[in-house]
Amino acid sequence: MLDYESYKNQLRRLADVNFAAAVLSWDQETYMPAKGADHRASQLATLAGLAHAQATDKALGELLEKLQADASLDLVQQRNVQHSLRTFKKTQKYSAEFVEALSRAISEAFQAWQTAKKENSFAHFAPHLEKLVALRREECEFVGYEKHPYDALLDEYEPGLTTAEVEKLFDEVRTELVPFVKAIAACKPNSNAVLQKNYAKDKQWEFGLYLLRLMGYDFDAGRQDISMHPFTINFGSNDVRVTTRVDENDLADMVTGSIHEGGHALYEQGLPESEYGLPSGEAVSLGIHESQSRLWENNVGRSLEYWNTVLPELKKLFPEQTAGTTAHTFFEALNVVQPSFIRVNADELTYHFHIMIRFEVEKALIEGSLAVNDVPAFWNKRYKDYLGIDVSSDAEGCLQDVHWAHGSFGYFPTYSLGSFYAAQFYAAAEKAIPSLTQQISNGDLLPLREWLREHIHQYGKQYSARELCERISGEPLQFSYFMKYARKKYAHLYAI
Ligand code: CO
């Protein structure tokens with residue numbers, strides 16, 4: 001037991017350092033004055049160095065090995081130790097030279113990407129992308145994998161997920177969702193004009209706070225601020241902050257962004273405080289995290305029932321803009337399906353085509369079957385095939401996202417995974433709470449939050465994503481839940 005206490009204390013000190021760095025990052029994105037940037041960068045680097053030293057301390061490794069053989073630990077403790085040991089061993093595989101080379105390549109690539117995007121010049125970014133792909137390929141080899149090198153990269157964001165599993169999901173997207181969207185395109189289009197009127201910033205802000213309170217976000221354990229890109233950040237489950245942004249001429253941006261981040265935040269607020277700094281006090285994976293944001297944003301926030309609840313409040317704040325509208329007006333407007341070039345603006349159906357294309361590019365780059373210089377052509381052909389649109393510039397094409405410039409490969413699939421998990425979890429919640437739809441219509445969202453707490457949040461990393469999914473729904477992740485959700489909802493919206 002003494003050993004476990006010692007392990008716990010070491011992990012908590014490590015968490016203290018990491019969360020202190022997170023506070024500085026939050027400040028950097030919200031309130032830091034421009035001149036603070038230089039010292040802030042060195043403050044963050046110093047803390048990262050401290051955290052790295054703690055995380056790779058040899059004594060910690062020995063302690064973990066010892067604890068792994070300790071039969072007196074309970075199941076939660078064993079699980080914590082297993083996770084920590086796995087992380088420790090993985091970290092050991094990275095040489096200081098590699099970490100340094102990668103971090104340098106990323107800074108340079110990020111700079112080059114900004115210019116490349118502005119000047120619509122893929123050639124400017126290509127050598128940097130080549131360098132990053134080479135480093136990641138090297139990483140796959142020293143980290144190790146069973147079947148496909150890309151597995152090693154997926155594992156970083158979605159532990160245990162394999163390339164073959166992602167391929168299977170996207171095969172179904174290709175055979176089912178692509179033709180479904182084509183059928184929608186042939187229908188009479190819906191309008192989203194009601195969202196594009198002028199909505200004053202201060203009142204939008206008020207509405208956003210109302211939406212967060214409604215879903216049960218705890219303002220005594222968090223706060224909301226403005227940032228360029230919305231995000232959620234936590235320093236333990238009793239301090240979970242969200243940010244949003246407000247566009248006066250697009251109500252949807254704030255509304256969907258606030259609900260999305262609210263969903264992430266509920267997950268963090270629902271993690272067990274007693275497990276601070278330990279794996280069982282942390283989220284399972286990016287895919288499960290994203291399932292929480294998307295369940296709230298899409299399954300709840302873009303539903304007719306939800307708009308029955310929130311429209312009266314919006315009408316109080318914006319009587320002119322909402323005159324003559326019903327919940328159905330907003331239900332239609334928030335669910336307009338329209339193939340487009342930019343991933344972050346995509347609707348919840350075509351969104352997955354954007355992700356599928358990025359996955360195909362990444363997989364091909366990592367296995368070596370696609371040369372960096374051929375990325376634009378590869379990309380554009382798939383936008384034509386899946387979305388039916390002609391990409392006219394790389395700035396609006398393969399240069400649009402920051403992820404590759406940040407050296408992130410294997411991240412994109414977790415976005416789609418999030419939606420697919422969300423559909424499967426939501427189906428289970430509907431089964432468990434027969435009056436769920438009625439509750440949402442009545443503005444009673446707390447039973448849903450409690451259900452998510454009980455079945456997902458409270459466990460932290462005690463169960464893997466696969467185990468969690470099987471416990472909740474009786475089977476591993478299946479694309480069919482998403483397709484069923486989509487067919488039901490959009491058949492209604494587009495009278496297919
Ligand atoms: Co998210």
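Me: How are the donor residues of the cobalt ion spaced in sequence?
Reply: In this predicted model, the donor residues of the cobalt ion follow the spacing H-x3-H-x25-E along the sequence.

Me: And which residues are those, with which atoms?
Reply: The cobalt ion is coordinated by His260 through NE2, His264 through NE2 and Glu290 through OE, at 2.2 to 2.3 Å.

Me: Where do His260 and His264 lie?
Reply: Both of them lie in helix 10, which covers residues 251–270, and they are four residues apart, or about one turn of the helix.

Me: Is His260 buried or exposed, and why?
Reply: His260 counts as buried because its relative accessibility is 12%, and the cut-off for buried is under 20%.

Me: What about His264, buried or exposed?
Reply: His264 has a relative accessibility of 10%, so it counts as buried too.

Me: How much of the protein counts as buried?
Reply: Of its 496 residues, 54% count as buried, while the accessible surface comes to about 21,900 Å², with 52% of that belonging to carbon and sulfur atoms.

Me: Last topic, how many positive and negative side chains are there?
Reply: There are 50 positive and 68 negative side chains in the protein, and the centres of these two sets lie 2 Å apart.

Conventions. Residues numbered from 1 in each chain as written. Predicted model: local features only at pLDDT ≥ 70, side-chain atom pairs only at ≥ 80, totals over all residues. Heavy atoms only, no water. Buried < 20%, exposed > 50% of the residue type's maximum accessible area, 1.4 Å probe, protein only. Areas by Shrake-Rupley, 256 points an atom, 1.4 Å probe, with all protein chains shown as cover. Lys, Arg positive; Asp, Glu negative; His and termini not counted. Charge placed at Lys NZ, Arg CZ, Asp CG, Glu CD. Donors = N, O, S within 2.8 Å, 3.2 Å for Na, K, Ca; no water. Helix = DSSP H or I, 4+ residues; strand = E, 2+ residues; numbered from the N terminus.
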